Amino acid sequence: MPQKTNVRAPEWEIVIGLEVHTQLSTNTKIFSGASTTYGSEPNTQADAVSIALPGVLPVLNKGAVERAIKFGLAVGAHIAPRSVFARKNYFYPDLPKGYQISQFDLPVVGQGALTIMVEPLSGNAKPYEKVVRITRAHLEEDAGKSVHGESRGVTGVDLNRAGTPLLEIVSEPDMRSAAEAVSYAKTLHSLVRWIGICDGNMQEGSFRCDVNVSVRRPGGPLGTRREIKNLNSFKFMQQAIDYEVQWQIGTIEDGGKIHQATVLFDADKGTTHAMRSKEEAQDYRYFPDPDLLPLEISEEWKERVRATLPELPEAKRNRYVKDLGLSPYDAGILTASREAANFFEAALHEIPDSAKLCANWLTGEVSAQLNRESLEMQQSPVTPQQLAGMLKRIADGTISNAGAKEVFRIMWAEGGDADSIIEAKGLKQVSDSGAIEALVDEIIAANADKVAEYRGGKDKLFGFFVGLAMKASKGKANPAQLNDVLKKKLAG
Amino acid sequence: MILANADVRKVARLARLGMTETEIESAREQLSGIFDLIAEMQAVDTNGITPMSHAQDVTQRLREDVVTETDQRELFQSLAPQHKGSPQVEAGLYLVPQVIE
Amino acid sequence: MLNSSLQQLGNALRAGKISSVELTQLYLGRIAELNPALNAYITLNPETSLDQARRADALLADGKAQPLTGIPVAQKDIFCAKGWRTTCGSKMLENFIAPYDAHVISRFNDAGAVNLGKTNMDEFAMGSSNETSHFGTVKNPWDRNAVPGGSSGGAACAVAARLCAAATGTDTGGSIRQPAALCGISGIKPTYGTVSRYGMIAFASSLDQAGPMARSAEDLALLLNVMTGFDERDSTSLQRDKEDYARDLDKPLAGLRIGLPGEFFAEGLAQDVAGCVNAAIDEYKKLGATIVDISLPNSRLAVPVYYVLAPAEASSNLSRYDGVRYGYRAPEYGDLTEMYENSRAQGFGAEVKRRIMIGTYVLSHGYYDAYYLQAQKIRRLIAQDFDDAFKLCDVIMGPTSPSTAFNLGEKGDDPVQMYLSDIYTIAVNLAGLPGMSIPAGFGSNGRPVGLQIIGNYFAEAQMLNVAHQYQLATDHHDRAPQNIGL
């Protein structure tokens, strides 16, 4: 089947919904007191309940419920005053009980919404805001892991992960492009880390996305969807969706039908393919778990949890824009993580009147440097206080922007505070008007012909004079002042 | 009620119970009899009645998020089943026939 | 000794008249002699039992004894006991050495009692005759051609044959009460949630409840005092103030209102059983009780409802037996599916497989509403019937079983016939109420008859009082089977 690349298919509408499994950051499992630490030796954290010995019973972890409540509050969702755990029955080696305890009819979190800033993945389209509705979020337990054993023909089962609490977050099929899906996933990822319910470590499987994709003619009925399972990187998500969409469109246009299927993404080939279909569709035979009683969440508990929530990203963004005058784009970058926002606010604390300057530096130089070294904001060798110290000297004119870049480079590589570095490297800019005027006079005198050309209308030559002046001052002339003086004197 | 062999086969597969055709036929007869017994209750009008899951009207108790279980791998894996004379554990993992995704 | 009450045994132990080791050896000797024929026990560990007895003797010597310290108690093989083979009557767990103690076992251990051995039972507690056990049938000590009842058949037999001082059982649809009736002993299933289910191998989670089996209500009270209490590892375990179940034993019964449901005295009840039960009612009248006619109109649906709900829960509870981490794994298989299918086909007996299939079916897509949900709704109606009845009476009475013990193999071919033997007991589990059975005489073939007493939630102390007063005035519970070497 021909694969079309970079196809814009305006006669097709893409419909995407996401189911995201987030591992909650509790110390223990959802139904037993076994540890959830990642990376331990196989089955050393598989207690009696985790391996489903005869006679064991589940008891619910308060920390898991609290995190679910936090999430619900953060997306403005209904928190069920009463929710029920149900058994999802099927056989698999990593599912020791032969059923997963989940929630079916009555989940703990109901309808909510997440406002996202969609970053188009290609082209020059501007970012735009979109509200994605969340259908529900429910608590359930994670399964164990299958690993390929030493011998061929044999699979090894590690149940350390079995019983880790998951919050499964289900969105409405509101997304219409891979870009929207990825932006939603990134925003959700950022949020769960922000409110401290999940460490978001996708390599370790803390945040796993299943993407439901279908296509339809605009205005037509919903197409049959296929579910791409277990995507653990945003890049793979985009690739998988793009391929799947092309495949579905191609199939239909060639006269074929889309059958409901679970699909895996092959990262090496960049393709999706349906998992081997089983003879019968899975019948999970959901029923309320008789070993557990209905979970009750009181108003008081909700409010106690609400009081522990930090200012949420959206509220912070709005405050940055409204009160600090930042652009929505910059506000978005600074609230991508709590660490970034904390860094910004810590720096701002030192220089409260220079919010924009601070924001520019963080979203510009600092971000660039962090990216170059693959560091997160909280790993920056330059502290908010150090940065603020330097920004103060820009604001008060002690150094120029060029000078500041040098200060920053040294601060990053070697440490130290701005004032010491400025002193040591002689980076103070010259703002003495007398000195600048003298400099400009000299240049005008030495370049009479160019001056005449400029005065004759060749405005472009202005830069030539700026260059000369900068060279003569060894880069130390205060650029703004220099501009003013040059303009005045060149005007004649 | 009339059960077909196909129904029994499907249920046996869902429940991972291996059955020969003879066993399926015999199960079909017995299960049909049991379903006749159950049929009595289906005719009852239960409109407006709330299902009863538990005897007492109590709600789920919560456990503090504190580690209480220690590593008992050696003890638990001493229970591992044998296959062809050897225990089905290796390098701390439980062994099953290879699962192909 | 063998006819002493637990109180008397305890006194003797505390007075130094007998040691726990001696008492344990006495029972172990009798078991060695009689168990081959009766098959009440699946597993014995004489050295372990005697070690425990020695520790009990040390406590007794130090004056640190509790009421049950030193007393040998038989444990139904459904309770995980650390280091003990725990089979649940099944080939699936034939070689399973439990790595932890059930809560019930811990309580007995903490009370200083001696674990005498693991008693035989219907496989995974599914049965009413102890004929589905992988370890062979249990014989009724009153007539070895008869069944002892089930699923706690081994326990009932052991108590009746004086092969233990007392025993534990479990009751999901009548599995304590019915064998108690068929073996002429006393047994009580307390209110659901009173005894922790942690470590008690699950059959039907919302119905299962453990309880004591012994030769008198007095004994049951002491045993309940040990077995009950909150356990944080069981979410369905109730947090309540500690009670002394013996506190009301001596209260006179004047003014007691006994409800007799018409439905329990209708068609299907054997005449000889009816005779004994009516005689018992007459005795209660003499003790000062008044009789109230009541109705439990939805109780006729109890059996069908039960045979939807219990198998449904069981089908899910038994999914963990897959041959992966413990238990039976088939010797021959190809791929994973075959491993599951062969292991489970070979590891489970016919009755268990039948119930798994029923349960799987009633939960399956398209049938859930018509079967499972419907059954849960009727369950509420059944519970409401009892609620209404208890406005008119204090306790409800009737026969425990429609007939005395039937012959081994008699009900073999038709599962439905077997299911109908629980017709009077099942409704009690569905409602979660406490129910007990005490000896009320003997039927036409000399086999025992049981009287069922049903109380309101948490009314065990009252029920024990009601039973005890009857046992003071009669001697059915003192009788012993012949040919048990007494």
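The exercises below treat the cysteines and then the second largest pocket. This is a predicted model, in which local features need pLDDT of at least 70, side-chain atom pairs count only at pLDDT 80 or more, and totals for chains, interfaces and linings use all residues. Residues are numbered from 1 along each chain as its sequence is written, chains are lettered from A and ligands numbered from 1 in the order in which they are written, and side-chain values use heavy atoms, with hydrogens and water left out.

**Exercise 1.** Determine how many disulfides the whole structure holds, and explain why Cys80(C) is in none.

*Solution.* 
1. A disulfide is a pair of cysteine sulfur atoms within 2.5 Å.
2. Over all chains, the search returns zero disulfides.
3. For Cys80(C), the closest cysteine sulfur belongs to Cys88(C) and lies 8.3 Å away, which is too far for a bond.
4. Cys183(C) is likewise in no disulfide, the nearest cysteine sulfur being that of Cys157(C) at 6.1 Å.

**Exercise 2.** State whether Cys183(C) is buried or exposed.

*Solution.* 
1. Buried means under 20% relative accessible area, exposed over 50%, and partly exposed in between (1.4 Å probe, protein chains only).
2. Cys183(C) has 0% relative accessibility and therefore counts as buried.
3. Cys80(C), with a relative accessible area of 0%, is buried.

**Exercise 3.** Identify which element gives the most to the lining of the second largest pocket, and classify the lining residues.

*Solution.* 
1. Helices (H or I, at least four residues) and strands (E, at least two) are DSSP runs, numbered from the N terminus.
2. α2(A) gives the most, with nine residues.
3. The lining comprises 22 nonpolar (Ala, Val, Leu, Ile, Met, Phe, Trp, Tyr, Cys, Pro), eight charged (Asp, Glu, Lys, Arg) and 14 polar residues (the others, Gly among them).
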